[in-house]
Structure formats: structure tokens, C-alpha cells
Amino acid sequence: MAIQGPIPVSFDLVFPHGCYVVGEVEQVKDFTASTGGRTVYAKDKTTGELVWQVAVMDADPTLKATQKTVAVKILSPVQPVPPPSLPNMPFVPIEFDGMTATAYVAEKTGRLAWSLRATVMRAPRTAAVKASAGKDVAA
């Protein structure tokens, strides 16, 4: 099979309705390497970058409440910082670049699940910026 490892995906494919930060950005622990009071933090096996994690809420209105929150892992040498909150918004809207998805079977349920990774966390682009970015890619 030609697919080896994570599958590159676009943010718009994963979160067509957008998403919002609902948790803190935390460094991911490597539970296998951590021993007796000594914490070791996870690094990406391919790039060697540190792995961070943030909980986001998918804005898709058709999802059940239990399906709305998902963790996205971010590969970065330093802790990513979410953009500032917007006035009159209870959550911070966010977008990711450099996304990949890795399929796996959840042990508890036996259902197909996805591990999401990204290389950049940023404020959403406006519709005009997205449209012009799409034209540049197609040219």
C-alpha cells in the first residue's frame, strides 16, 4: 500500500464548520519513558519536535455532544499560544496548518478513531484571505 504513516489533510476537511479552543495547551508526556518521578515529554518520532496538545470543540452543529471535543496534537519546539479571545465570544476560534490524520481502532469501543496532528495553531483567516489563498494554490 502506498499510504505510509499519517495522511495529510486540510483544516477545512477536518473542521468544515471551524473549531474553538476549549482547553489549555499542554505538553504531552511520554508515559513509556517517564519513570519514578522523572517526567519525560513526548517528541515526534519523525521530526524530533516536542508534542503539545490542545482540546478543541468542533463547531459542526450535527455532531452529538460527546463527539464535539477532540484533542489536536501540535508539533513545535516551543509551547504554541492560542490567539487572543475575541469580544463577545465565549471561546477562541482557531485554525491549524500542516494537519495530518492517523487512523486507529479505539481499544474500548473497537471503533475507528483518528489522531489529529498539526504544525501550526493560528487565528482563523477571513473569507477573503482564504479565497485569495485558494487562487494562489491553483495558479
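Helices (H or I, at least four residues) and strands (E, at least two) are DSSP runs, numbered from the N terminus. The model is predicted: local features need pLDDT of at least 70, side-chain atom pairs count only at pLDDT 80 or more, and totals for chains, interfaces and linings use all residues. Residues are numbered from 1 along each chain as its sequence is written, and side-chain values use heavy atoms, leaving out hydrogens and water.

**Strand pairing**
- Strands pair if DSSP finds at least two bridges between them.
- β4 (residues 51–58) and β5 run antiparallel and are joined by seven bridges; Ala 55 has Ala 71 in β5 as its bridge partner.
- β5 and β8 (residues 112–118) run parallel, with three bridges, and Val 72 stands opposite Leu 116 in β8.

**Arg 122**
- Arg 122 belongs to strand β9 (residues 120–122).
- Its relative accessibility is 16%, so Arg 122 counts as buried (under 20% relative accessible area; exposed is over 50%, partly exposed in between; 1.4 Å probe, protein chains only).
- Beyond its neighbours within four places in sequence, Arg 122 is in contact with Pro 83, Ile 94, Glu 95 and Asp 97 (heavy atoms within 4.5 Å).

**Asn 88**
- Asn 88 sits in the loop between β5 (69–75) and β6 (92–97).
- The phi of Asn 88 is near 65°, a positive value in a residue other than glycine.
- Most residues other than glycine have a negative phi.
- Asn 88 is exposed, at 81% relative accessible area.

- Ile 3 lies in the segment before β1 (7–8).
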